[in-house]
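Student: Hi! Could you walk me through this structure? I'd like to start with the strands.
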Number of protein chains: 2
Amino acid sequence: MIPPDHPRYKSLVTRERLAECAREGIVAMEGLTAHGRGEAFDYLLGERTTTSAHLAERTAAAMLLTAEHPVISVNGNTVALAAKEIADLQKACGALVEVNLFHRTEKRVEQIENILKDAGATVFSGEAERLLPLSHDRAWCRREGMFSADVILVPLEDGDRCEALVAMGKKVIAIDLNPLSRTAQQATLTIIDELTRAVPEITKACTNLAEDECRELLATVNNHYHLSEAIREMTERLSHALD
Amino acid sequence: MIPPDHPRYKSLVTRERLAECAREGIVAMEGLTAHGRGEAFDYLLGERTTTSAHLAERTAAAMLLTAEHPVISVNGNTVALAAKEIADLQKACGALVEVNLFHRTEKRVEQIENILKDAGATVFSGEAERLLPLSHDRAWCRREGMFSADVILVPLEDGDRCEALVAMGKKVIAIDLNPLSRTAQQATLTIIDELTRAVPEITKACTNLAEDECRELLATVNNHYHLSEAIREMTERLSHALD
């Protein structure tokens, strides 16, 4: 039990939730370390949605709403932290939800699919094939899922797979707290915000974006702006940390 | 197997070692997340011992060498990464080595003590009592150990305990990669460097500091300087990340 008077209660509770999921095999051990890296960058962001991240979230909504075949790719960390939020986003934007894992076993895929279903998502599953030009289990996906998508939302993605998907001509929306990661640098659009803050904002935008707002957002996608704004916010916070 | 010529070989091997220790119960799941946080800040530091961290390591050696009753407090992550280095430091400075855990079970204390002993350390164990003014298992320590210490080296410490120890009048030397953490801000002296780089540097300084150097280092302890130097280094690296 984390004492509720602990100043970092929320962060520690999230960490406990991930640890519990790691013990159940849903989150990979490496997923815990990756989460910690994200925590550090979120700390530098002030653990809040910045103005530029908010714009990225609205832009992501516009991309999902106007896609022909949008897919949300889910991994262990995502389901541990935001299964319900993913289900809500699916309802708002109509994307397929597909489970794709870096540390892939059939059992983990099934566990994660079940959590998504319990949270109210409709999961696109079935036969996976090695369709992506990657070594390792990251090559697996489904022909009518990620492989055929035009827009893919990948919370917490691996850099190599992000790069491969972009090279295949897909528009990739990443949610990644590290503006220096290869994923953040490669994606079409990077939302530099914490997962459980970001997903509900995308969902909200899906329900309230007007058609002309959508068009305007799509015409001005600029990932370099989002990266440099996040870096600017972090730099500012760091440099004033001792004031 | 990670190829030794991989550019991030050391970081990846360390991560694997921690995951292995987590599976054995030596490292808490939460310890993996904490490690990830450290990784992010170390990345911003350039994964090297900075000039100011080197000075902090020599200052720590001076504090340990001149202490009446120095104690090195060890947790799961520390023993997973640096059991041998802690044993060497103990030999060089004569401090007690005591195991204190945030996620405390008798079994984990014993596992960690055994690893330290195997690495050549003399472990101060025996009856622990709830002696520190803290909720949670962090209150536990030993009357003739941490409770009686005048100087305590705490690699990877919890912020509340660091604060409580300082409030008890103890000089606390923290090793913490996050210059914004409460531990880093509360400690008497914070070494902002990665554990396996920092501990051998303290040990080396213990064996080569002259008495007048010791005096000079002790007279100029300035934690604010170390925090601001680390922040300056990180800020500089971040702000040039997109160049």
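Tutor: Happy to! Two strands pair if DSSP finds at least two bridges between them. Strands (E, at least two residues) and helices (H or I, at least four) are DSSP runs, numbered from the N terminus. This is a predicted model, where local features need pLDDT of at least 70, side-chain atom pairs count only at pLDDT 80 or more, and totals for chains, interfaces and linings use all residues. Residues are numbered from 1 along each chain as its sequence is written, chains are lettered from A and ligands numbered from 1 in the order in which they are written, and side-chain values use heavy atoms, with hydrogens and water left out.

Student: Okay, in which sense do β5(A) and β6(A) pair, parallel or antiparallel?
Tutor: Parallel, over five bridges. In that pairing, A:P155 stands opposite A:I175 of β6(A).

Student: And which helix makes a β-α-β unit with β5(A) and β6(A)?
Tutor: Helix α6 (residues 159-167) of chain A, and the unit is right-handed. Right-handed means that, with the strands pointing away from the viewer, the path from the first strand over the helix to the second runs clockwise.

Student: How many bridges are there between β6(A) and strand β7 of chain A?
Tutor: Three, and that pairing is parallel too. One bridge there joins A:A174 to A:T190 in β7(A).

Student: Why is β6(A) largely enclosed?
Tutor: Because four of the five residues of β6(A) (residues 171-175) are buried, the rest of the structure largely encloses the strand. Buried means under 20% relative accessible area, exposed over 50%, and partly exposed in between (1.4 Å probe, protein chains only).

Student: New topic: how many salt bridges are there over all chains?
Tutor: The count is 38. A salt bridge here is a side-chain nitrogen of Lys or Arg within 4 Å of a carboxyl oxygen of Asp or Glu.

Student: Which residue does A:R142 meet in a salt bridge?
Tutor: A:E113, at 3.8 Å from N to O. Here A:R142 lies in the loop between β4 and β5 of chain A and A:E113 in helix α5, 29 residues apart, so this pair links distant parts of the chain.

Student: Are those two buried or exposed?
Tutor: Both A:R142 and A:E113 are buried.

Student: What about A:E201 and A:K204, how far apart are they in helix α8?
Tutor: They are three residues apart, which means about one helical turn. Their salt bridge is 3.5 Å from N to O, and A:K204 is partly exposed at 46% relative accessibility.
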